[in-house]
Amino acid sequence: MVVIAYDEKVTLDNIHDILKNDIKVKVAAVDIDGVLRGKLMHKEKFLQVVISGFGLCSVIFGWDIQDKLYTTDVEFGGEDCHYFDLVATIDLTSFRRIPWEENIPFFLVHLTHPNTNLPLYCCPRVFLQSAVDTCEKDLNCTAYSGVEYEFFCFKENAESLEYKGFANPTPLTIGKFGYSLLRPSQNQDFYYRAFDWLHDFKVDLESWHTETGPGVFEAAIKYTDAKEAGDRACLFKTSMKQIALRHGFLACFMAKPYQDLSGCSGHIHFSLVDNKTGKNLFYPFDQSQQVSSVHPNVSKTLVYFLAGVLHGLPSILAILAPTVNSYKRLVANFYAPVSVSWGIDNRLGAVRVIVPPTTSPNGTRLEMRVPGADINPHLAIGAVLKCGIWGIKTNQTLPCGSWEEIKEGKGKEGQPLARTLQEAVTDMDHKSSIARQVLGNEFVDHFVKTRKHEWGLWQNAVTDYELKRYMELV
């Protein structure tokens, strides 16, 4: 087994030495749904393309999560498309080894359009990188982020679910027992190995525990710079699925697998750190100049960022809730937000503002509580950052009062969030949407077409609800 230092950096100068005991390498791109699409390469082939890049078929942006070609006219599909190659460039900073696969080396790639020689407009890693770069260039700060996933585990696999018609899956454990120290002991090898393997894979968990529900866990991925946070959150889902399968069950990241239980969230935390001082820009260290009127521990920068996010939220909702199932989670009385809203350390709103004394000044941050576990984390982190940056650069004002103010009758309520993917896509697609202003038309046009395809499939589907309700009696 090959073992390297956890923090060893890979460069073009040492890549041959790093891989001297290997014969194969795994590489992967991230598709629009946040799914890893990749291949196994011979080491010699990998080293030949590590500088120049290699061709990767553009069909990965021309089909959906089940490899069905889009029914909408995306650039990478349709009758006239010849499915040309994209240029995949190895990201050496993404190097890690997969401990549950005999420590095989693994790299992520950036994608470039071969006709324009520009970063691919719909590549999720490119999308997030552009937000990070804007923070650095325009605000002279570094964006930090961390994702928390809830997910159900079932005593199933792909074959058993198919046999059951994806109905009545058997949960890993029974009953509701959040923060239990007893339930994990029923699957202790999995519980500890997952934590340790993810550490070795450079996807460290700050913590994880059972949530309230049958076989459900919550995992908080270690807080880090936003680019790395996106990679870790993306890799976490595939990693957890693989680790679960090695232990004989299935990890599910649907937003709402049970109608009568709370869904699975994908909450995201955000802060900005000044590159000169190393201080958190969301906290008013200089009380005379930086403190906002919102709260004595909230900076003006945080308010501008929050305002941008809240103004943009309706038009980026299709990114934060990207599937038909996402909107089954966003319903009242199930611990999920249903409107443009915010509050100080309040878990009922779309955004929770976390300030001292429940955290340190440098721990001051926002928690975006709208996303479910079905997000593409690169897109979700990037979209929120882009809206927040826009809010700072344009000095946006809050569109609504806090939960506390509204409860006291002093604040304006925010608008309701879309109830379906179709409504959310319409908001994003509008010619004057904030999404178009901050994300760019090229990306929005492509993403909207993928979601219209998703909605079209749902509209044509005959569901078990319809069969149960109408087959006999109508």
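Trainee: Which residue just after α3 takes a positive phi?

Mentor: N140, with a phi of about 55°. This is a predicted model, so local features need pLDDT of at least 70, side-chain atom pairs count only at pLDDT 80 or more, and totals for chains, interfaces and linings use all residues. Residues are numbered from 1 along each chain as its sequence is written, and side-chain values use heavy atoms, with hydrogens and water left out.

Trainee: How are helices and strands picked?

Mentor: They are DSSP runs, numbered from the N terminus: helices are H or I with at least four residues, strands are E with at least two.

Trainee: What span should α3 have?

Mentor: Its 16 residues should span 22 Å at 1.5 Å a residue. The end C-alpha atoms are 22 Å apart, which agrees. The expected span is 1.5 Å times one less than the number of residues.

Trainee: Which α3 residues are buried?

Mentor: P124, R125, V126, F127, L128, Q129, A131, V132 and C135. Buried means under 20% relative accessible area, exposed over 50%, partly exposed in between, with a 1.4 Å probe and protein chains only.

Trainee: And N117, buried or exposed?

Mentor: N117 counts as exposed, at 64% relative accessibility. It is found in the loop between β5 (104-112) and α3. The C-alpha atoms of N117 and V87 are separated by 8.7 Å, though the two are 30 residues apart along the chain.

Trainee: Switching to α13. What covers its buried residues?

Mentor: The cover includes α3 (124-139), α7 (300-320), α9, α11 (421-429) and α12 (434-439). Contact here means heavy atoms within 4.5 Å. Among the buried residues of α13 are F443, F447, R451 and W455.

Trainee: Does the spacing matter, or what is the general rule?

Mentor: An α-helix has 3.6 residues a turn, so residues three or four places apart point the same way.

Trainee: Now S402. Where does it lie?

Mentor: In the loop between α9 (377-393) and α10 (403-407). S402 is buried, with a relative accessible area of 5%.

Trainee: Which side chain does S402 join in a polar contact?

Mentor: That of E404, at 3.1 Å. A polar contact is a pair of N or O atoms within 3.5 Å; within protein, one must be able to donate a hydrogen and the other to accept it, and residues adjacent in sequence count only if both atoms are side-chain atoms. Leaving aside neighbours within four places in sequence, S402 is in contact with W342 and G343.

Trainee: How much space lies in the second largest pocket?

Mentor: About 710 Å³. Of its 32 lining residues, E148, E150, E211, E218 and H267 are the closest to its centre. On a 1 Å grid over the protein atoms alone, a pocket is an open set with protein on both sides within 12 Å along at least five of seven lines; a cavity is a set of points where a 1.4 Å probe fits but cannot get out; lining residues have an atom within 4 Å of a point. Points are joined across faces, edges and corners, and a volume is the space filled by probe spheres set on them.

Trainee: Which strand gives the largest share of that pocket's lining?

Mentor: β6, with five residues.
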